[in-house]
Amino acid sequence: MEVEEGVQIDDKAKRMRDLLSSFYSPDSSSNASSLENYSSSSSRFATLDTINTTSFDADLYMNLLVQKSNLENLLQKHVEMAAEIKNLDTDLQMLVYENYNKFISATDTIKRMKNNIVGMEANMEQLLKKIMSVQSKSDGVNTSLFEKREHIEKLHRTRNLLRKVQLHQILFTWEEQFIYDLPTRLENCIKSEAYADAVKFYTGAMPIFKAYGESSFQECKRASEEAVDVIIKNLQRKVFSDSESIQARAEAVMLLKQLDFPVINLKVKLFEKLEQFLVNLHLDELKEPTNASADDNEPPKEGTVLDSASSAAHEASIREFVEAVRAYRAIFLDSEQQLLKLAQDFVTKHFDATRQKIKQLRSVELLAILRVIWSDVLLITEVLPEADLPDYALQAARIVVKDYINSTFKQLLLDISDALTKAQVGQKQGVEEYSLQVALEASRKAVIQGSLDVLQNFRQLLDENSDLVLKLRDLIIDWVQEGFQNFFWALDDHFVLLSGKSNSASQNLNIPGSIAGDKVRAGLVLVLAQLSLFIEQIAIPRITEEIASSFSGGGTRGFEYGPAFVPAETCRTFRSAGEKFLDLYIKMRTQKISVVLKKRFTAPNWVKHKEPREVHMFVDLLLQELEAIGTEVKQILPQGLHHKHRRTDSNGSTTSSRSNPYDRLGRSNTQKARSQLLETHLAKLFKQKMEIFTKVEHTQGSVLTTIVKLSLKSLHEFVRLQTFNRSGFQQIQLDIQFLKTALKGIAEDEAAVDFLLDEVIVATAERCLDPIPLEPPILDKLVQAKLAKNSEQSPVS
């Protein structure tokens, strides 16, 4: 019995487990497959937790539990499992009760539905009978009324057709009468200038004219077209009339469009009229500044750009043009681009006209023109704001003002060049009225006073308070500073060009007055040297002060470009230029003297030279050249400090055999004279070196002394190229002795001059076949005779 009861309990537990598994598991097939997989691997991976899985194996679980647990744990596990089984039974009972209640509720619902459907079938049969009865009666009514309804519809269509025919007859009669009356109506409209009504009447009659104009209404069409031609002419006249209002002119254009008139041709003609208006306006009201006063502070005379009557007339014309543009834009709505280009062209022509006469304008006149242009721009901007004319005018004004500044500096350069060119021409033609001193003073004035006048002229630009010029203020300051820098560079290049030297930069100046190198006068070069010194020491510092006081600021160039005007660099440039021109002047004068010396020493046969009877004429030529140089130098250069360098003042002793070669050569025969030459050479080695050539200063004495030294050095070189007999040697001795006396009043450094003259005597002795000098009494006698002869030819007044 107990075995049977245990079997029943196991069956019951298994049935409950299967019931719960079927209730909670959504997929039985997956459970079965998982069970098979689990059973295959349970032997290897069996644990006590498998009791809660669907593939639970009780025997395997009990064996595992017995193996892992002791008796106390088994009893505890039994108690826990008994409690869980009881809870499961309770849960299953509750589930069964809930499902039973739902089943009872569904059964009751089905019973009620069955009771309600019992009488519905009879009612549906009665409804079907009534519907069939209504349908049979409706078919009877339709059959009996069919013929009458067709007759009524036919009569209704006939009535509508008769009404349309009657209305058409009435309209045709009215249109016929309207067409016959149309010419008269158009004439009346023309008389009363009711062009809108006339166009309305004619366009309304156009369909009839197209259909019957060539047959029934031919005369009416011809008369109407003649009247319309008159209307078109009147409308065109109205469009071109400036006395008509903008609205009236726009209405006239719309009426012409309705009449199929080619309005595009009318648009072109009106635009050409605007263009012609600008051609006639193009600054003609502003007279040329031909009678402008030379003083900017004086009031402008009649005929200048500041003429108030001309300005008023110009403003009236501009306002008339603005109204014409406003009307054109209102009439032709698609004309914006044309008008924008027209306005920009107008401003461009304004500035082009100003640029053409920029060289003749002063600042006050340029400012007057800019004010007029700016006023015109503001007026046009009112009607064409899309043109952005203020910015456009500002860009054009930048070009004009910059061109004005550049042209002013170029004119200043031309003035300086003109003053220097007069010096060149005057010196070439022997004009005494325009001496080198006058040229120097004129060019100095042109530089310093011209630059100050230019600054005064530009200062008026900065004092202007109009919006256009105020926007350019910083640019004007930079342009003036940069202009002075470029001006001095160009002036330096032009000086180089005037001096006869080629300069790649100066060839682009395009300034008249350039002189070929072989035609340059030495006096002009000396003027350039002294003028460069004046620019460095006086002009640039003065101009720098003026720029700092009135043209400070700017800064639109950017820091990466540095300052626009660098006076220190400019001073260095002209200091170097002054030194180069002074060296060039000395070189040119020395070369001319060298030509005289070359002719002297290459012409005669010195080996067959005759005994000297007087000082040679080449000495007179040499002294004449030095006198001419002295005349030029005295006009241009200052005297400087008078300091005669005597023989005792020079460095080193000059009392050796070289300083007094005549005594030693005179007391010996030919053999002894040759031996003395060796002693002279040895004396050179032990004698202290004398400083012959020093730095040339911008003074009369320094320049003359340098030229004399170079000339004597050339004389020394020419002597070394010849071979002399005794007479030739004595002729050179006589000439040199006379030069010693003549050069004392010309050169400052007597010691160096005497030394060079002694060098010539020694070099001649070295090249002489028989160096026997003249006796001192004979030498003095010939020198005194030459001095007496010169005194007779040029007596002292």
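**Figure 1. Surroundings of Thr 570 in the predicted model.** Thr 570 touches Gln 485, Phe 488, Ile 540 and Phe 565, leaving out residues up to four places away in sequence. The model shown here and in the other views is a predicted one. Thr 570 belongs to helix 18. The relative accessible area of Thr 570 is 1%, and Thr 570 is therefore buried, since the term applies to values under 20%.

**Figure 2. The protein as a whole.** The protein has 797 residues, of which 41% are buried. Its secondary structure consists of 25 helices and 0 strands. When contacts between residues at least 6 apart in sequence are considered, 78% of them join residues at least 24 apart.

**Figure 3. Helix 14 against helix 16.** Helix 14 covers residues 436-463 and helix 16 covers residues 473-498; their axes come within 10 Å and cross at roughly 165 degrees. An angle over 145 degrees counts as roughly antiparallel, and helix 14 and helix 16 are therefore described in this way. The crossing of helix 14 past helix 16 is right-handed. On the side of helix 14, the contact is formed by Ser 451, Leu 455, Phe 458, Leu 461 and Leu 462. Helix 16 contributes Arg 473, Ile 476, Ile 477, Val 480, Phe 484 and Phe 487. The residues of this contact between helix 14 and helix 16 comprise 9 nonpolar, 1 polar and 1 charged.

**Figure 4. Helix 18 against helix 19.** The axes of helix 18 (residues 567-602) and helix 19 come within 10 Å, crossing at roughly 170 degrees. Helix 18 and helix 19 are therefore roughly antiparallel to each other. From helix 18, the residues that take part are Tyr 585, Arg 589, Lys 592, Ile 593, Val 596, Leu 597 and Arg 600. They meet Phe 618, Leu 621, Leu 622, Glu 625, Leu 626, Ile 629, Glu 632 and Val 633 of helix 19. The contact of helix 18 with helix 19 has 10 nonpolar residues, no polar ones and 5 charged ones.

**Figure 5. The nonpolar cores and Tyr 585.** The largest nonpolar core contains 143 residues. Within this core, the residues with the most contacts are Ile 476, Phe 484, Phe 488, Phe 495, Ile 535 and Tyr 585. When neighbours within four places in sequence are left aside, Tyr 585 is in contact with Ala 522, Gly 523, Val 525, Leu 526, Ile 629, Glu 632, Val 633, Val 703 and Ile 707.

**Figure 6. Gly 630 and Val 703.** Gly 630 is part of helix 19, which spans residues 617-636. The relative accessibility of Gly 630 is 8%, so this residue counts as buried. Gly 630 and Val 703 are 73 residues apart along the chain, and their C-alpha atoms are separated by 9.0 Å. Val 703 is also one of the residues in contact with Tyr 585.

**Figure 7. Asp 388 in a loop.** The loop between helix 12 (363-383) and helix 13 (389-429) contains Asp 388. Although Asp 388 is not a glycine, its phi is positive, at about 55 degrees. Asp 388 has a relative accessibility of 40% and therefore counts as partly exposed.

Terms used. Residues are numbered from 1 along each chain as its sequence is written. This is a predicted model: local features need pLDDT of at least 70, side-chain atom pairs count only at pLDDT 80 or more; totals for chains, interfaces and linings use all residues. Side-chain values use heavy atoms; hydrogens and water are left out. Axes are lines fitted to C-alpha atoms, for helices over the stretch in contact, and angles run from 0 to 180 degrees between N-to-C directions. Helices (H or I, at least four residues) and strands (E, at least two) are DSSP runs, numbered from the N terminus. Angles under 35 degrees count as roughly parallel, over 145 as roughly antiparallel, 65 to 115 as roughly perpendicular and the rest as oblique. A crossing is left-handed if the near helix is turned anticlockwise from the far one by less than a right angle, and right-handed if clockwise. Contact means heavy atoms within 4.5 Å. Ala, Val, Leu, Ile, Met, Phe, Trp, Tyr, Cys and Pro count as nonpolar, Asp, Glu, Lys and Arg as charged, and the others, Gly among them, as polar. Buried means under 20% relative accessible area, exposed over 50%, partly exposed in between (1.4 Å probe, protein chains only). A nonpolar core is a set of buried Ala, Val, Leu, Ile, Met, Phe, Trp, Tyr and Cys residues joined through side-chain atoms within 4.5 Å.
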